[in-house]
Amino acid sequence: GGRGGWGGLGGHPGPRHDEPAATTLTVTASGCGVRLRWDVAVERWDTRDWCLDGAGVRETAMVSYHEFFGVGGRHDYVCTGDARPLDADPGTTWSWTCVMGDTDTTAFEGVVVERTTLDVAGEPVAVSHVSVTAEVTGESSGQHAIEGWYRTTDGLPVLEVGSISTVQPTPLGDTNFTEEYSIALSSSVPIG
């Protein structure tokens with residue numbers, strides 16, 4: 001996997017952030033699969049580690065970095081559970097959990113909505129449309145919701161639309177974090 005080809009619309013995580021209309025999702029080889037790094041802004045980035053596992057993609061780790069009022073906070077999670085199927089029948093479900101030490105747990109539930117195709121630079125790409133919800137518990141609390149369209153060949157995102165609403169502890173006290181985002185593949189050709 002090369003870098004780029006993806007563009008995204010940043011979210012609105014707090015009053016201090018002024019995020020660009022376009023962001024970058026970089027895919028690089030890492031461990032047993034790939035690392036996806038989404039750079040939203042200097043104050044906000046995420047990584048997700050995905051591994052091919054039979055006919056599915058298993059998330060093994062995720063990192064989220066948020067800076068609130070000049071104070072940075074990095075959250076490293078280890079993930080276990082079911083693999084997201086590359087190409088499964090509508091109604092197929094799976095679940096996984098990501099844990100940050102003994103402080104936070106995010107429990108994900110996914111369901112396949114449909115098999116379909118999306119247009120990428122004039123070419124049809126076979127995708128699995130899935131819907132994912134998550135509950136965050138521990139020192140942080142809240143919900144995630146993701147609608148994703150992932151390539152059936154390798155599980156990489158073609159389109160992902162999500163929202164996050166959590167309350168997170170910071171050195172300045174609890175902070176409400178709300179974000180809505182959209183990431184879309186603009187080209188199937190690696191640019192780096």
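Trainee: In what order do the elements of the protein chain run from the N terminus on?

Mentor: The order is β-β-β-β-β-β-β-β-β-β-β-β-β. The protein chain has 0 helices and 13 strands, where helices (H or I, at least four residues) and strands (E, at least two) are DSSP runs numbered from the N terminus. Please note that this is a predicted model, in which local features need pLDDT of at least 70 and side-chain atom pairs count only at pLDDT 80 or more, while totals for chains, interfaces and linings use all residues. Residues are numbered from 1 along each chain as its sequence is written, and side-chain values use heavy atoms, with hydrogens and water left out.

Trainee: Why does V120 count as buried?

Mentor: V120, which lies in strand β9 (residues 104–120), has a relative accessibility of 3%. Buried means under 20% relative accessible area, exposed over 50%, and partly exposed in between (1.4 Å probe, protein chains only). V120 therefore counts as buried at 3%. In the protein chain, buried residues make up 47% of the 192 residues.

Trainee: Why does A121 count as exposed?

Mentor: A121 is placed in the loop between β9 and β10 (123–138). Its relative accessibility is 60%, and A121 therefore counts as exposed. The phi of A121 is near 55 degrees, a positive value in a residue other than glycine.

Trainee: What separates the C-alpha atoms of V120 and S186?

Mentor: A distance of 6.0 Å separates them, although V120 and S186 are 66 residues apart along the chain.

Trainee: What makes W38 and Y181 an aromatic pair that is tilted?

Mentor: The structure holds 5 aromatic pairs. In the pair of W38 and Y181, the distance is 5.0 Å centre to centre, with 50 degrees between the planes. Rings of Phe, Tyr and Trp (its six-membered ring) pair if their centres lie within 6.5 Å; planes under 30 degrees apart count as stacked, over 60 as edge-to-face and the rest as tilted. At 50 degrees, the pair of W38 and Y181 is therefore tilted. This pair links distant parts of the chain, with W38 in strand β3 (residues 33–41) and Y181 in strand β13 (residues 173–185), 143 residues apart. Both W38 and Y181 are buried.

Trainee: What makes W94 and W96 a stacked pair?

Mentor: Their planes stand 5 degrees apart, and the distance is 6.4 Å centre to centre. The pair is therefore stacked. W94 and W96 are both buried, and ring pairs link W94, W96 and F108 into a cluster.

Trainee: How do you know that the charged end of R37 sits over the ring of W45?

Mentor: The charged end of R37 is 4.2 Å from the ring centre of W45. A charge sits over a ring if NZ of Lys or CZ of Arg is within 6 Å of the ring centre and within 35 degrees of the ring normal. R84 likewise lies over the face of W50, at 4.8 Å from the ring centre.

Trainee: What makes β3 and strand β4 (residues 44–53) a pair?

Mentor: β3 and β4 share 8 bridges in the antiparallel sense, and two strands pair if DSSP finds at least two bridges between them. With 8 bridges, β3 and β4 therefore pair. W38 stands opposite D46 in β4, and a hairpin of 2 residues joins β3 to β4. Strand β2 (residues 24–30) is joined to β3 by 7 bridges, and these strands also run antiparallel.
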